[in-house]
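Please look over the structure shown below before reading on. The paragraphs that follow lead through several of its sites in turn.

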Amino acid sequence: MGSEILGLSIIQTFSPRDYMIIKVESVIAITKTKYQEVIIADLKGYGRALVLDGLIQSTEVDEYIYHESLVHPVMIAHPNPERVLIIGGGEGATLREVLKYNTVRKVTMVDIDGELIELCKKYLKSYHQGAFDDPRAEVLIMNGREYVEKTQEKFDVAILDLTDPYGPEISKALYSQEFYEKIYKILKDDGLMVTQAGSSFYFEKVYDYVLNNVKQVFPVVVEYNVWIPSFGYACNFIIGSKKYNPKTLSVNEVEERLSKRGVRGKLRFYSATTHISLMYLPIYRA
């Protein structure tokens, strides 16, 4: 699975048998960092896009759907998220969404690829919108697994914004039961974590592997998914929680938390009613 630039088009395969063709309007950067191949290009109909090791990670026109869906259900589920950990998320868009909360005092973002982050800072400004410069943001260039093993910090929320579990080798170890056990230990007694988990429809066995690993560690597990046009599929997310269940929140409770935390009016996709819809939409399986 992957993509390659052919003339002025990207052939993006999103399953073992399916692909989509997207016209390339201009190539902004192509490079090979220490860890992965990076392409930043403007795509017709999708705008500025980030492609890592042949897989589209984000595009300008729909990244907000992915990032708001990843961040807000878990942030809203916690009664007072002050300390947040992000692993991955090189574009800075996950950081952007977390920093919308006036409850947040500090966000630690850990990404192994410093070269990628510098490229994103330079070429993906519409994504991060200056989030890297927020005084509450701490950005560490190191292996996420190593950070989790060594840190003495405790977090309210951990957000794992990784490449797909069936994608590049760089992230595969971060979907293991062992890693989730380490995440559990650095969460506070009422902490939550969320991970993106690829596609349950096209890669059901890999998805079940991730889901079962989370279930082995956390007493409360919630699955949800949302359609991402540039991915060509509904992307899955899994929440692991020590205490709080985001499915129990009512529309009024979500709305009240969004307002009190200064997030209401700053969102394009996620809302109180969207939260309920995400929590109860069936999971797509082949």
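Where is the place of L281? In this predicted model, L281 sits in the segment that comes after α10, the helix spanning 272–280. Its relative accessibility is 34%, so L281 counts as partly exposed; the range for that class runs between the buried limit of under 20% and the exposed limit of over 50%. Together with F201 and Y284, L281 makes a nonpolar surface patch of about 260 Å².

Two further sites concern the backbone. The loop between β5 (47–52) and β6 (55–59) contains D53. The phi angle of D53 is near 45°, a positive value in a residue other than glycine.

Q129 belongs to the loop that links α4 (125–128) and β9 (137–141). Is Q129 buried or exposed? Its relative accessible area is 56%, and Q129 is therefore exposed, as the class requires over 50%.

K215 is part of α8, which covers residues 204–215. A relative accessible area of 45% makes K215 partly exposed. How far apart are K215 and E178 in space, C-alpha to C-alpha? The two are separated by 37 residues in sequence, and their C-alpha atoms are 12 Å apart.

Note on methods. Residues numbered from 1 in each chain as written. Predicted model: local features only at pLDDT ≥ 70, side-chain atom pairs only at ≥ 80, totals over all residues. Heavy atoms only, no water. Patch = residues over 30% accessible without salt bridge, like charges linked within 9 Å, V, L, I, M, F, W, Y side chains within 5 Å. Areas by Shrake-Rupley, 256 points an atom, 1.4 Å probe, with all protein chains shown as cover. Salt bridge = Lys/Arg side-chain N within 4 Å of Asp/Glu carboxyl O. Helix = DSSP H or I, 4+ residues; strand = E, 2+ residues; numbered from the N terminus. Buried < 20%, exposed > 50% of the residue type's maximum accessible area, 1.4 Å probe, protein only.
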